[in-house]
Amino acid sequence: MYIGDKVKVVCPYCGFGCKLIIDSQTLTVRPYKGEPNKGRICPKGLYAMEFALSKDRIKKPLKREKNVLKPVTWGQAMEEISHKLLEIREFYGPDAVAFIASSKTSNEENYLLQKIARLFGTNNIDNCARLCHEASVHALKMTLGTGTQTNPYEDLEKFGVIVIWGYNPAESHPVVLEYIGNAKKKGAKIIVVDVRETITMNFADYKLLIKPGTDIVLANAMMHVIIQEELYNEEFIRKRTTGFSEIRMATMKYTPEYAERVTGIPAPLIREVAREFALAGSGAIMWGMGLTQHVSGVENVLAIIDLALLLGYIGERGGLYPMRGQNNVQGAAYMGALSEFLPGYVPLDDEKFRKRVASLWGVDDLPTRRGFYLTELWDAIERGDLMALYIVGENPAVSEANFAKVRKALRKLDLLVVQDLFMTQTARYAHYLLPASSFCEKEGSYMNSERRIQWSERVFEPLNDSKPDWEILTMLGKALGLPGFDYSNVEEITVEYFRLFPELEEKSVEELKNSDGIFLPKKRLHTWEFTTPNGKARFMAVEQVPPWESTDEEYPFALTTVRVMNHYNTGEMTLRSPSLVKFMKEPAATINKEDAKKLDIKSGDLVEIETRRGKIRMKVEIGKVPQGVVAIPFHFKANRITNNALNKAGTSEFKFSAARIRKFKSERPTQDNYP
Ligand SMILES: Nc1nc2c(c(=O)[nH]1)N[C@H]1C(S)=C(S)[C@@H](COP(=O)(O)OP(=O)(O)OC[C@H]3O[C@@H](n4cnc5c(=O)[nH]c(N)nc54)[C@H](O)[C@@H]3O)O[C@H]1N2
Ligand SMILES: Nc1nc2c(c(=O)[nH]1)N[C@H]1C(S)=C(S)[C@@H](COP(=O)(O)OP(=O)(O)OC[C@H]3O[C@@H](n4cnc5c(=O)[nH]c(N)nc54)[C@H](O)[C@@H]3O)O[C@H]1N2
Ligand code: SF4
Ligand SMILES: [Mo]
């Protein structure tokens, strides 16, 4: 590379997966003109270099001694960490250790961490997919056979209707709006279902303002109308699915009138939207955290898959788009950084595949017992089942529900290693803190939401004494005495993971580097056949599942937590990007006009929001949410007050807690909200 070169990197923020062109001299960012972002970019991508260059970067490996962090050499850190891990394994067994992988890091890095965990002897390996779309993975796998987005972004422009459900791309994945906008120009109808009037609703032909946690009732009522009016795709259902009669039975009682009472959406509107969706002839459903982060997460997703199957909206005629969150959350999962799956989402009890992976790694077999979910770790530590935690690029002290519990657990560990760019809230509890290099100081591959693997180039050498995660993990694997950790460059790891997937066997790293990416397993799934054992999709009827915590006289509000444009997750990156900080508005809670009147609250007032876990203070804004709903941004101290309930896929119910609100009189600074 020469000074002034244009370097192509994958954006370090969201799962849409834009490519950024960075001028290696001026370090300015431009969007890539090719796929997938086609010359578009959002502010986070545009200023992505700022956090990487922040003076807050951890400069050296650090070790806690008598509560003070002191610099140590890489050699000493690795020796002591591995020694302690082996000692814990000796005394308590391999399952007393857990690893959290980072969906901010590359495929290679995720591949290495899960390889370390499994060779060490445990499936205690997980990543933030658990907090995010794991419910979608489980639901899609049960019904269609494969737990991922089915179609590429480009297909969005082909369909007659797009439903955007519990998902707010205008703030979460701004660049995908390019595709949605083009679809609209070509005549597609846009239906948005949300508990708030979001910016995304500016695109909508139909705005469905729903009460939190009642989405199954809406989906079932839409199916009810489609079945009653015989608008379903009889041929598709007959040839390519099983279980239709169960759906017919289950949705019988979900009349639009009943659904109106539960969801708050007028019955005639439900009828109209159901007809519009069915008669469009082709359609996509895109969804996000509004569906998955509920105790009913898996059932919510099953309901919308059923809806798509009723109409045969799959393959050429439709697509299911669980829009992935982090830049490499899809890759982390595909690489096997999940406690219930081997690479490629293969179940742990698939002996043939497991043995194949084991032999590639030079051992006889791998552990078969499911590991802890990320969200289960804190109770396991509390019970004394888990003594050591090795965290790469994840900030659970802020991102996990009811974080007081997490912080208490972190304090109790015999060994906590944190590998990050910054002194995060989580890193404050670490015994060892390892400085990782940022996205632009390393090479590697990443997989976006549409399963496109893209190569990211290096802009400059690692800063300070930091090292790319793959180098740190190579050192760790060696120090633990595990076989096969002799990598001298990242491509050797790429080649190794390619060998796990038949679709990649013929591909080369060169091809990956010189293309707009490679789709794994292929661009479009289920066109002719589903990946289930009998090749057919399976309808799975679901009933309404109530939230874990119900509202009552004491806690009358339904609290939900959401994202905003210029903040990102726990704020470690965006709060260190001065250009983004300039655009940031003070966080505010949104409530409805009637509720505000009742509580004698005006826009701009300070309020205290309290749940059974605790309270936070925030400014208030009057906006379009149903009565009895309060929506707050999640990036600050929201998880001080969220609850511990998990759904069947292990995701927390971040989108529903019973809360109360009162005007807060004192003019105390709201800075308290920062993580
Ligand atoms: N700017 C920015 N972009 C991001 C991120 C970020 O932090 N900041 N994070 C990234 C990550 S990790 C992820 S996972 C994605 C997530 O992207 P989204 O899924 O868009 O994220 P959220 O804003 O959490 O939730 C989406 C919507 O669900 C609605 N909602 C809440 N409860 C319900 C409900 O019961 N029913 C329905 N129908 N809707 C409901 C909320 O009002 C919200 O508008 O964004 C990614 N992109
Ligand atoms: N209340 C509420 N809570 C939520 C959610 C919600 O909607 N509401 N959403 C949930 C969801 S969907 C998610 S995905 C989680 C996100 O939760 P987290 O993943 O914990 O949040 P991030 O802030 O993205 O943390 C990423 C960390 O990786 C570090 N990092 C960045 N690049 C690198 C790298 O190259 N190497 C290493 N080693 N580290 C790096 C960053 O500094 C940062 O500390 O939050 C969850 N929590
Ligand atoms: S849309 Fe996502 S991937 Fe694209 S520039 Fe913005 S944050 Fe990065
Ligand atoms: Mo996420």
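Start by selecting ligand 2: domain 2 (62-129 + 328-514) and domain 4 (557-663) both contribute residues to its shell, so the ligand lies between them. Keep in mind that this is a predicted model.

**The shell.** Show the residues around ligand 2. There are 34 of them, and the closest are Glu394, Ser399, Asp420, Thr570 and Asn639. Colour them by class: 12 are nonpolar, 14 polar and eight charged.

**Polar atoms of the ligand.** Zoom in on Ser399. One of its polar backbone atoms sits 2.7 Å from a nitrogen atom of ligand 2. Next, pick Asn395, where a polar backbone atom is 2.8 Å from an oxygen atom of the ligand. Then go to Gln293. Here an N or O atom of the side chain lies 3.1 Å from a ligand 2 oxygen atom.

**The domains.** Zoom out and colour by domain. The protein is divided into domain 1 (6-52), domain 2 (62-129 + 328-514), domain 3 (134-323) and domain 4 (557-663).

**Domain 3 against domain 4.** Select this pair. Their C-alpha centres are 26 Å apart. On the domain 3 side 23 residues touch 22 residues of domain 4. Together the two domains bury about 1900 Å², with 62% of it on carbon and sulfur atoms.

**Contacts across the interface.** Look for nine residue pairs in polar contact between domain 3 and domain 4. The salt bridge count is two. End at Glu197 and Lys624, whose side chains form a salt bridge at 3.8 Å, N to O.

Key: Residues numbered from 1 in each chain as written. Chains lettered and ligands numbered in written order. Predicted model: local features only at pLDDT ≥ 70, side-chain atom pairs only at ≥ 80, totals over all residues. Heavy atoms only, no water. Near = heavy atom within 4 Å. Polar contact = N/O pair within 3.5 Å; in protein donor to acceptor, adjacent residues only side chain to side chain. Nonpolar A, V, L, I, M, F, W, Y, C, P; charged D, E, K, R; others polar. Domains from an automatic or database assignment. Contact = heavy atoms within 4.5 Å. Buried area = accessible area lost by both parts, 1.4 Å probe. Salt bridge = Lys/Arg side-chain N within 4 Å of Asp/Glu carboxyl O.
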